[in-house]
Amino acid sequence: MSNTALPGRTGQNPPAEPTADRREAVARLFSTVDESVAELGERFAAAGYELALVGGPVRDALLGREVHDLDLTTDAVPQRILELVDGWADAVWTVGIDFGTVGLRRKGVQLEITTYRSESYSPKSRKPEVDYGTSLSEDLVRRDFTVNAMAVRLPSREFADPFGGLDDLRAGRLRTPGLPEDSFSDDPLRIMRGVRFAAQLGFELAPEVREAASAMADRLKIVSAERIRDELTKLMVSPAPRLGVELMVDLGLAPYVLPEVPKMRLEIDEHHRHKDVYEHSLTVLDQAIDLERSRGMEPDLVLRLAALLHDVGKPKTRAFESGGRVTFHHHEVVGASMSKSRLSALRFSKDVVNDVSKLVALHLRFHGYGKGEWTDSAVRRYARDAGHLLERLHVLTRADCTTRNRRKAAALARAYDDIERRIDRLAEEEELNSIRPDLDGNEIQGVLGIKPGPLVGKAYRYMLELRLENGPMEKEAAEAALREWAREQGITEES
């Protein structure tokens with residue numbers, strides 16, 4: 001972040017009159033915002049209500065980041081908001097109306113308008129209690145961090161920064177508007193949001209915020225899995241997820257989010273030397289992100305979760321053998337199961353859960369490649385087993401090489417270059433992504449003279465294995481091979 005991009009000021013309270021720097025900040029902010037926002041402000045003002053642009057859009061605009069959806073706040077209650085935008089908005093939705101939020105779209109711009117509010121959790125509740133407020137300052141004080149507690153009143157464009165958000169923005173610092181203990185007690189998810197913002201914006205947590213987050217980590221137990229999942233998702237696709245993961249572990253948050261991660265910090269003694277699994281996993285995560293970028297990929301949640309969790313099975317499978325050797329037999333199988341269980345508990349979608357666990361299960365497969373002695377059939381199986389995850393498996397497998405031995409690293413890279421070339425060649429020849437047997441289910445029934453049932457599936461699986469082993473076959477040859485298999489299995493038309 002460039003400090004020169006932000007207006008500076010001194011003291012903890014804003015001056016009575018806007019400074020030139022502040023006027024410049026507001027001008028910069030509005031240069032990124034659609035003019036319909038000012039129009040909406042005039043509409044609310046004419047009806048006697050306040051309206052202000054608030055929170056993330058203000059912060060991001062001042063940081064020079066792209067602003068997409070816009071958040072606004074008002075003293076109008078939700079039903080009055082609906083009346084005021086009726087006929088003006090192109091679309092309106094009310095899924096958040098129980099929490100005082102009305103969503104709308106105008107000329108392609110998406111906005112959310114929320115009534116001034118405060119929300120808090122009772123000690124054992126998973127749902128916040130929402131109370132409506134009556135002033136902008138009352139609304140800002142309940143915001144999570146000072147950098148999100150800045151606002152611009154509409155349509156006057158008056159800049160409101162009662163808690164020194166600009167100073168903290170310039171310093172790259174996360175502070176709470178009030179006492180962090182009060183803020184985290186009101187909504188414990190703010191602890192995770194602080195970690196996420198650190199990873200997303202490259203900011204540091206103020207010392208008192210770190211202390212409160214660590215002391216109150218167990219409050220995360222009352223937050224729903226879905227809300228924690230959403231914060232973890234944003235953290236993992238941020239520019240620096242490693243920073244967020246390290247904060248979760250160092251502050252004691254990980255046991256309530258991803259308890260398997262800190263457990264990878266295995267004790268290493270002089271008799272049983274091996275890589276620190278936790279540090280190795282963070283390095284793999286970093287390297288996977290570097291490979292994402294070099295390959296022109298967008299931030300990939302599935303890949304990044306798999307990189308972080310690929311070795312979670314090691315603590316459970318660690319064994320000491322003679323000569324000081326340490327083994328982790330079948331840790332990929334155990335890790336796949338553990339990943340599936342954890343991500344399911346966090347309410348990730350089935351696709352994410354299955355894809356991550358599959359990548360964890362497959363991440364060691366390449367290490368049987370050796371010096372390139374795999375047959376074409378083995379390469380086909382590798383590609384088919386990976387399926388739509390093949391590109392991610394390429395990245396994960398390459399990222400998993402963290403050896404400092406340059407010769408070994410170079411040899412592994414050459415071997416993987418080779419398998420990728422072979423996959424590409426076979427893909428061109430055989431359409432690997434859609435390998436099917438040379439005979440479908442109906443054709444199998446016709447050749448063998450059998451009815452639909454388990455036997456058809458058994459024959460189909462045999463034909464698929466034959467296809468993977470030999471590549472494409474002419475139809476006549478495939479039919480002959482199927483009849484020969486049926487004779488060996490004792491299958492007749494009466495079967």
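The legends below describe close-up views of a predicted model.

Residues are numbered from 1 along each chain as its sequence is written. In this predicted model, local features need pLDDT of at least 70 and side-chain atom pairs count only at pLDDT 80 or more, while totals for chains, interfaces and linings use all residues, and side-chain values use heavy atoms, with hydrogens and water left out.

**Figure 1. Overview of the protein, with 22 helices and 13 strands.** Helices (H or I, at least four residues) and strands (E, at least two) are DSSP runs, numbered from the N terminus. Of the 495 residues, 50% count as buried. Buried means under 20% relative accessible area, exposed means over 50%, and partly exposed lies in between (1.4 Å probe, protein chains only). Among contacts with a separation of 6 or more, 67% are between residues 24 or more positions apart; a contact means heavy atoms within 4.5 Å.

**Figure 2. Salt bridges of Arg-242 with Glu-246 and with Asp-286.** A salt bridge is a side-chain nitrogen of Lys or Arg within 4 Å of a carboxyl oxygen of Asp or Glu. The closest N and O atoms of Arg-242 and Glu-246 are 3.2 Å apart. Both residues belong to helix α11 (residues 241-250), where they are four residues apart, about one turn of the helix. Glu-246 is partly exposed, at 24% relative accessibility. The N to O distance between Arg-242 and Asp-286 is 2.8 Å. Asp-286 lies in helix α12 (residues 277-294) and Arg-242 in helix α11, so this pair ties together parts that are 44 residues apart in sequence. Asp-286 is also partly exposed, with a relative accessibility of 27%.

**Figure 3. The salt bridge between Glu-484 and Arg-487 in helix α22.** The side chains meet at 2.6 Å, N to O. In α22 (residues 475-489) the two residues are three apart, about one helical turn. An α-helix has 3.6 residues a turn, so residues three or four places apart point the same way. Glu-484 is partly exposed, at 35% relative accessibility, whereas Arg-487 is exposed, at 57%.

Figure 4. The structure holds 34 salt bridges. The buried residues of α18 include Leu-390, Leu-393 and His-394.

**Figure 5. The largest pocket, with a volume of about 1600 Å³.** On a 1 Å grid over the protein atoms alone, a pocket is an open set of points where a 1.4 Å probe fits, with protein on both sides within 12 Å along at least five of seven lines; lining residues have an atom within 4 Å of a point. Grid points are joined across faces, edges and corners, and the volume is the space filled by probe spheres set on the points. Helix α8 gives the largest share of the lining, six residues. By class, the lining has 13 nonpolar, 10 polar and 20 charged residues. Ala, Val, Leu, Ile, Met, Phe, Trp, Tyr, Cys and Pro count as nonpolar, Asp, Glu, Lys and Arg as charged, and the others, Gly among them, as polar.
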